[in-house]
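Welcome, and please open your viewer. This tour goes from stop to stop, telling you what to select next and what is there.

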Amino acid sequence: MKMRNILVLLFYIPMIASAQKNHLQNSFVFNGKVLGQDTGFIRLSYVNANGEYIRDTAFLKNGNFTFTGFISEPTSAFLKGNIKSSSVDDINLTEIFLEATNMRGTIKLNDFKHIKMTGSHTQNEFKILYKQEEPILKEMESLMMEYSTISKTYENESNEAAKMNLREKTMAIKKRLDPFKNELREIELNFIWTHSMSYVSPFLMPPYLTDLSLDSLKLFYKNWHPSIQKCRTGKFVADEIRKKELSAIGTRAQDFTTKDINSNSLSLSNFKGKSYVLLDFWASWCSPCRKSNPHLRQLYSKYHLKGFEIIGISIDTSKSAWAEAISKDSIDIWYHVLGAKDFENQTDNDIVKKYEIPFIPVQILIDKEGVIVAKWNGQSKENEADLENMLLEIFK
């Protein structure tokens, strides 16, 4: 028995030593000081080497603090003290990049955004970006505060006329913010392209996943160094690109078989060789979705006999609300199925997942060969006109 135990121990010792070595390689120490605050605490939030979200707290002693932990790669983190709001713009909150090394930071109370930090190369790159964006963010500050104030007033307002007035004011502010947002967009996309070996680049990409075309996303991703492509956020971006490819123009539409609202079996493949099919992803509670219905009724009446079908794919969770909306909008003239859940069988349909629909409304036009020929995100007059012109050309 003793010999067996010794052999088992000898087998595991190299594994233990290797694990300890990797753990040490991924360890970080972050020392720092908060100027203007001697006592209290400071918090650090980040994702560790095991993929766990860590919320660590360090108590201040003469303003000094120490954090230690384990990360698998340069990692974004939130450092916050005595925050005064839940906003990311709070004066006692800042975003930093940790690295598996010894780092030091100096922070002023009520001015966390201007942290002085050494030891993290990724943080230095992030600081370059922030310096470019800071003048624009300062210009936006007063407008953002005004927008926030009006929004809070709107929530508490009961008079419809007053609410309409407040809504118009918020829309006006949004228009004034657009030029600043475009400037920030240009700065960030330029950074993502020119810093192909920076972990900051994939970190910046998520807001642009729905904004950029599939070809543009692929170009950005391909430009990154392999180590950046393989990092946690790089893998996320790659997965989002894969999802977009599932419903990209020119790809073969994913087939599905399900029950329609009348419990009849329906397969997309049934229409192959017969009809152009518009997949309309919507829900009864989605105002922009239902705003499109009068226009869809017109197009359906005009082109249905020529070979145009519509399949409404709802993500509703209430069958009564779903059925009521179909009746009220007079859209029972085309097919309707659930994309999220089967009420009767309580089994998950995977239509939304098959097409990786991130939001609604989304409309996808499929030709007679089963190939996606067009896709529209959101509801707008431009999208409606584009669909109408396309059908006019198809069925002329």
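Start by selecting strand 11 (residues 276-282) and strand 12 (residues 308-314): the two run parallel and are joined by seven bridges. Helices (H or I, at least four residues) and strands (E, at least two) are DSSP runs, numbered from the N terminus. Within this pair, leucine 278 stands opposite isoleucine 310 of strand 12.

A word on what you are viewing: this is a predicted model, where local features need pLDDT of at least 70 and side-chain atom pairs count only at pLDDT 80 or more, while totals for chains, interfaces and linings use all residues. Residues are numbered from 1 along each chain as its sequence is written, and side-chain values use heavy atoms, with hydrogens and water left out.

Axes are lines fitted to C-alpha atoms, for helices over the stretch in contact, and angles run from 0 to 180 degrees between N-to-C directions. Contact means heavy atoms within 4.5 Å.

Next, select helix 12 (residues 381-394).

How do helix 9 and helix 12 cross, and within what distance do their axes come? The axes come within 11 Å and cross at roughly 5 degrees. The two helices are therefore roughly parallel to each other (angles under 35 degrees count as roughly parallel, over 145 as roughly antiparallel, 65 to 115 as roughly perpendicular and the rest as oblique). Show the side chains: His295, Leu296, Leu299 and Tyr303 of helix 9 meet Glu384, Leu387, Glu388, Leu391 and Leu392 of helix 12.

Move on to another open sheet, with four strands in the order 4-1-7-8 and mixed pairing. Strand 4 (64-70) and strand 8 (111-118) are its edge strands, each pairing on one side only. From one strand to the next, the twist averages 25 degrees.

Zoom in on strand 7 (residues 102-108) and strand 8, which run antiparallel and are joined by four bridges. Threonine 106 has lysine 116 in strand 8 as its bridge partner, and arginine 104 has threonine 118. Two residues lie between the strands of this hairpin, where asparagine 110 takes a positive phi near 65 degrees.

**One more helix pair**

Select helix 5 (residues 214-223) and helix 7 (residues 232-246), whose axes come within 10 Å and cross at roughly 150 degrees. These helices are therefore roughly antiparallel to each other. Leu214, Leu217, Lys218 and Tyr221 of helix 5 make the contact with Gly234, Val237, Ala238, Ile241, Lys244 and Glu245 of helix 7.

**Zoom out**

Finally, show the whole chain, with its twelve helices and 15 strands. Its C-alpha atoms fill a box of roughly 75 × 75 × 40 Å, taken along the principal axes.

Technical notes:
Two strands pair if DSSP finds at least two bridges between them.
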